[in-house]
Amino acid sequence: ICLCIYCEHAANTSLSLQIYYYADAQTTHTAYPNGLEVLQFPNNQIEKHHPDGTQEIIFPDQTVKCLYSGGLEETFFPDGTVVKVEKNGDKIMVFSNGQKEIHTAQFKRREYPDGTVKTVYSNGRRETKFASGRVRIKDEEGNIILDKK
């Protein structure tokens, strides 16, 4: 069963609002005159589909995921963590504690607020650059091959 409500402003039909309620799915779909469409699900998830192709999903825990037409994806978590995924699959995570993590096909890197940077390369090699300037490099088996202070 689908209940459809059309609300029109008598003087201007471009102000019409369309509300659909899908009883079986307990879902409300609202279409606004500006092209925005909003879906509300029974679990309190809300999806907004913008005219420019952007989609915004608000999850019940208040996590917000934005999907942009160019392929970028951003997720904002309630604790302040932000995750961005580029079209090519590269991922950048910024944590509320000030740490930043970058994942690419070539490496995974964690950057700490004190300036320390730890990188693990796709071949298994690990490199740590400490805030003090010290550099330590380990091979894929964990053997130290350089420890420069």
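The mean pLDDT of the protein is 90, with 90% of its residues reaching 70 or more. Over residues 8–13, however, the pLDDT is below 50, and in the model this stretch has three contacts beyond near neighbours in sequence. Where pLDDT is low, the predicted coordinates should not be read in detail.

Strand β8 (residues 73–76) is joined by four bridges to strand β7 (residues 64–67), the two running antiparallel, and β8 also pairs in the antiparallel sense with strand β9 (residues 82–85) over four bridges.

A search of the whole structure finds two aromatic pairs. The rings of Y20 and Y22 are stacked, because their centres lie 6.4 Å apart with the planes at 10 degrees; Y20 is buried at 18% relative accessibility, whereas Y22, at 31%, is partly exposed. The rings of F107 and Y121, with centres 6.4 Å apart and planes at 65 degrees, form an edge-to-face pair. Since F107 lies in strand β12 (residues 107–111) and Y121 in strand β13 (residues 117–121), this pair ties together parts that are 14 residues apart in sequence. R109 lies over the face of F107, at 4.3 Å from the ring centre, and R125 lies over the face of Y121, at 4.5 Å from the ring centre.

Notes. Residues numbered from 1 in each chain as written. Predicted model: local features only at pLDDT ≥ 70, side-chain atom pairs only at ≥ 80, totals over all residues. Heavy atoms only, no water. Pairing = 2+ DSSP bridges. pLDDT = per-residue confidence, 0-100. Contact = heavy atoms within 4.5 Å. Phe/Tyr/Trp six-rings, centres within 6.5 Å; stacked < 30°, edge-to-face > 60°. Buried < 20%, exposed > 50% of the residue type's maximum accessible area, 1.4 Å probe, protein only. Lys NZ or Arg CZ within 6 Å of the ring centre and 35° of its normal.
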